[in-house]
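Subject: Structure handover

Hello,

Here is the structure for you to look through. My notes follow below it; please read them with the model open.

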Amino acid sequence: MRKSPTLASALISRSLASVSGGGSADAVHRRFLQVALYGSSSGAASGCRYGSRRWFTPLLDSLGGSSSRVAPLALVGAFCASAAATSLSQEVYAKEPPPPEVVPKDVVLYQYEACPFCNKVKAFLDYYDIPYKVVEVNPLSKKEIKWSDYKKVPILVVDGEQLVDSSDIIDKMGEKILQERRTNVKLEDDEEKKWRRWVDSHLVHVLSPNIYRNTSEALESFDYITSNGNFSFTERIAVKYAGAAAMYFVSKNLKKKYNITDERQALYDAAETWVDALNGREFLGGSKPNLADLAVFGVLRPIRYLRSGRDMVEQTRIGEWYTKMENTIGDSSRIKA
Ligand SMILES: N[C@@H](CCC(=O)N[C@@H](CS)C(=O)NCC(=O)O)C(=O)O
């Protein structure tokens, strides 16, 4: 069903129309906006490197109709900063590499760098030390995933098999590589399941209203967004300010949709809820992270070093767990495509 155009879609659509030469008023009104923001902090002054930490945040709502006619505006950025360089004196926790015979030979992740769902998958791959290549998808053309019927990211191609949807991807990868380890225990306990569901049904929806909360945070986010990501030069320029303005308005709609009155408080509450769930344990999984730890960490990673993420760590008790997760996951297992 068609929805009315909003100021956000109009702003974005106009910018894109002038960039891509594109589209009738009708098509313009069908566009939907999705914003992604990504960052990376390796501490390396020379720029991003594979293996650095990344953050990103996306999530915008569809403002339009059928997917075949929708030209998404997604704004993807990347940044490298030194803020997250982990202190060497901090304790380093062990990763859990699976036995080599169960590790897939060829893993390719189609992603937006800042997408929380993509970061969730990456947290899993990084923690289990599964080498993977990344294909950064242009959110406007999506030409990198033209071959697939599935029009979202993440898509993970594992030895030629396409897996979609972050939680399903993690389930299927878990079945492949964790089977041996888990044969003697319940495949996934109820607590782990419950919190993984909470990430998808609650936590992710709190993120966008926070990173586009006001004009300065929206601009901060779009600084990230426009500094990297798979955009042409012209697209980058076109979406920078229009995107920040549009997202400011879209985030207001998202608040309504998800019944959020004070977005910052909602973020703090979510962080505190998670710490309560830990109930004094290092990780939800006990002495090692489980899939719920990886999911929470993955979706928070894109915002951690934005204003909202910094506030969250300052104002709640989540920082200690987050730092342990950072240390445990360590370098990414991403390899060059
Ligand atoms: N439930 C899916 C959600 C995936 C999703 O919504 N991805 C966004 C990017 S964060 C997307 O691809 N949106 C469609 C678009 O960009 O056109 C998952 O967990 O993987």
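How many bridges join S5 to S6, and do these strands run parallel or antiparallel? Four bridges join them, and the two strands run parallel. Strands pair here if DSSP finds at least two bridges between them. Helices (H or I, at least four residues) and strands (E, at least two) are DSSP runs, numbered from the N terminus.

Before the details, two points on how to read this. The model is predicted: local features need pLDDT of at least 70, side-chain atom pairs count only at pLDDT 80 or more, and totals for chains, interfaces and linings use all residues. Residues are numbered from 1 along each chain as its sequence is written.

Overview and confidence

The chain has 12 helices and eight strands. Of its 337 residues, 47% count as buried. A residue is buried if 20 or more other C-beta atoms lie within 10 Å of its own, exposed if 12 or fewer, and partly exposed in between, with C-beta atoms placed from the backbone.

The mean pLDDT (the predictor's confidence in each residue, from 0 to 100) is 76, and 70% of the residues reach 70 or more. Over residues 1-89 pLDDT stays under 50, although the model has 247 contacts beyond four places in sequence for them. Where pLDDT is low, the predicted coordinates should not be read in detail. Two residues are in contact if their C-beta atoms, placed from the backbone, lie within 7 Å. Among the contacts in the chain with a separation of 6 or more, 82% are between residues 24 or more positions apart.

The strands

Strand S5 covers residues 107-111, and four of its five residues are buried. Within its pairing with S6, the bridge partner of Val108 is Lys133. S5, helix H3 (residues 116-127) and S6 make a right-handed β-α-β unit. Right-handed means that, with the strands pointing away from the viewer, the path from the first strand over the helix to the second runs clockwise.

S5 also pairs with S7, in the antiparallel sense and over four bridges. There, Val107 stands opposite Val158. S7 (residues 155-158) in turn pairs with S8 (residues 161-164), again antiparallel over four bridges. In that pairing Val158 stands opposite Glu161. The hairpin of S7 and S8 has two residues between the strands, and Asp159 takes a positive phi near 45° there.

Backbone details in the loops

The loop between S6 (133-136) and S7 holds Pro154. A cis peptide bond joins Val153 to Pro154, with omega about 5°. Lys142 is found in the loop between S6 and S7 too, and has a positive phi of about 50° although it is not a glycine. Lys142 is partly exposed, because 18 other C-beta atoms lie within 10 Å.

Asp165 lies in the loop between S8 and helix H4 (166-177). Asp165 is not a glycine either, yet has a positive phi of about 75°. With 17 C-beta neighbours inside 10 Å, Asp165 is also partly exposed.

A nonpolar core is a set of buried Ala, Val, Leu, Ile, Met, Phe, Trp, Tyr and Cys residues joined through C-beta atoms within 7 Å. The largest one has 74 residues, and those with the most contacts inside it are Leu109, Val121, Phe124, Leu156, Val296 and Val299. Helix H8 (residues 233-257) gives the most to this core, with 10 residues.

Ala244 is in helix H8 and is buried, because it has 24 C-beta neighbours inside 10 Å. Not counting residues up to four places away in sequence, Ala244 touches Ala218, Leu219 and Phe222.

Which residues of helix H11 (residues 307-315) are buried? They are Ser308, Gly309 and Met312. They lie on the same side of H11, because they cover an arc of only 100° around the axis; the arc is that of the directions from the helix axis to the C-beta atoms. These buried residues pack against H6, H7 (215-227), H9 (263-278) and H10 (291-300). Ile211, found in helix H6 (residues 190-211), has a C-alpha atom 6.1 Å from that of Ser308, 97 residues apart along the chain.

Regards
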